[in-house]
Amino acid sequence: MSNSPSFSKISCSPRVTVIGAGKVGSTLAQRIVEKNLADVVLLDIVSGMPQGLALDLMEARGIELHNRQIIGTNDYADSAESDVVVITAGFPRKPGMTRDDLLLTNAKIVVEAAKKALVHSPHAIYIVVTNPLDVMAYLVWQATGLPRDRILGMAGVLDSSRFEAFIAMELGVCHQDVKAMVLGSHGDLMVPFPRYSTVNGVPITELLDTDTIRRLVERTRNGGAEIVQLMQTGGAFFAPASSTCIMVESILLNQSRLLPAAAYLEGEYGLKDIFIGVPCRLGRNGLESIVELNLTDEEISDLHASAQAVRKQIDRAQEIFAGVRR
């Protein structure tokens, strides 16, 4: 079931399918069309919800001054020939839950969504947003058999943006002058890099004392949980949607931006057979390259500890999905 008219066979515009019409997915759809990046297919299993959201977004086109098409649907056939597929489907965190607590409930949803989307969009770039993100990206790679350049996880952009926000608030500076780098897993062992985090080019290590930096790092690691605790009935969605949109934009416009994202490693940073956040150049073909930073022994150790936690979750997931093979 989809809203009409369908643009599945008549539009030559870039197309992005967003699987999961919850707050992250619907906000992402809004970001994409209002930035005039692509037509959007908003897909969800709940009958009527994506259709209603799509119609609402279509009715705002005259005000927002764009002419992008948006359809809501429950049918994967309507997502055919998408350039990018974003998977946001799954259950959000509740107070007291970690991202890892979502593993059992979300793994089946994400794998099924990826397989169904692949049938209709075999050449798309796939971006995974559902938590626990690094593990979900690995499962999508494993279940679809796609090359690593076409599967990415959105995490580092969001975590870096949170670190930037906290730095800007602490120093009382313009947020646009702050650039930060957060790598590793999208979880409690993510690795913010103060040496690579700057205010208009000046490292924060020259602007903030060690205790303050440590406090901001810890707040970044708990950034999602802090919002969940405040909201009680849901989690973050504005910043996750914006972070995903930046990745979509770099891919569709072939910008080759250097962004932190979860990618499959084949020896980079001394890690193999794992998805984890690293600096990635993203362009029209997805992952163009992984940039290996010159890290200290302590930073490498932290990154490997983060990867070890992801590996344990992947092993758990593979026990559950023993029948899923590349």
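When I say that two residues touch, I mean that they have heavy atoms within 4.5 Å of each other. With that in mind, and remembering that what we are looking at is a predicted model, let me begin with Asp134, which touches Gly184, Ser185, His186, Ala262, Phe275, Ile276, Gly277 and Val310, leaving aside residues up to four places away in sequence. Asp134 belongs to helix α5, which covers residues 133–144, and because its relative accessibility is 4%, where buried means under 20%, Asp134 counts as buried.

Val310, one of the residues that Asp134 touches, also brings us to Ile274, a residue of strand β13, which spans residues 272–283. The C-alpha atoms of Ile274 and Val310 are separated by 7.8 Å, although the two residues are 36 residues apart along the chain. Again not counting residues up to four places away in sequence, Ile274 touches Tyr138, Ala263, Tyr264, Leu265, Ala307, Val310, Arg311 and Ile314, and with a relative accessibility of 4% Ile274, too, counts as buried.

Let me now step back to the domains. The protein chain is divided into domain 1, residues 15–153, and domain 2, residues 156–314, and their centres, taken over C-alpha atoms, are 22 Å apart. Between them, 35 residues of domain 1 are in contact with 50 residues of domain 2.

Next, the helix pairs, and here I return to α5. The axes of α5 and helix α4, residues 103–120, come within 9 Å and cross at roughly 40 degrees, so the two helices are oblique to each other, and their crossing is right-handed. On the α4 side the contact involves Leu103, Asn106, Ala107, Val110, Val111, Ala114, Lys115 and Leu118, which meet Val135, Met136, Leu139, Val140, Ala143 and Thr144 of α5.

The crossing in which α6 passes α7 is right-handed. From α6 the contact draws on Asp159, Arg162, Phe163, Phe166, Ile167 and Glu170, and from α7 on Thr212, Arg215, Leu216, Val217, Arg219 and Thr220.

Notes:
Residues numbered from 1 in each chain as written. Predicted model: local features only at pLDDT ≥ 70, side-chain atom pairs only at ≥ 80, totals over all residues. Heavy atoms only, no water. Left-handed = near helix turned anticlockwise from the far one by under 90°. Helix = DSSP H or I, 4+ residues; strand = E, 2+ residues; numbered from the N terminus. Buried < 20%, exposed > 50% of the residue type's maximum accessible area, 1.4 Å probe, protein only. Domains from an automatic or database assignment. Axes fitted to C-alpha atoms, helices over the stretch in contact; angles between N-to-C directions. Parallel < 35°, antiparallel > 145°, perpendicular 65-115°, else oblique.
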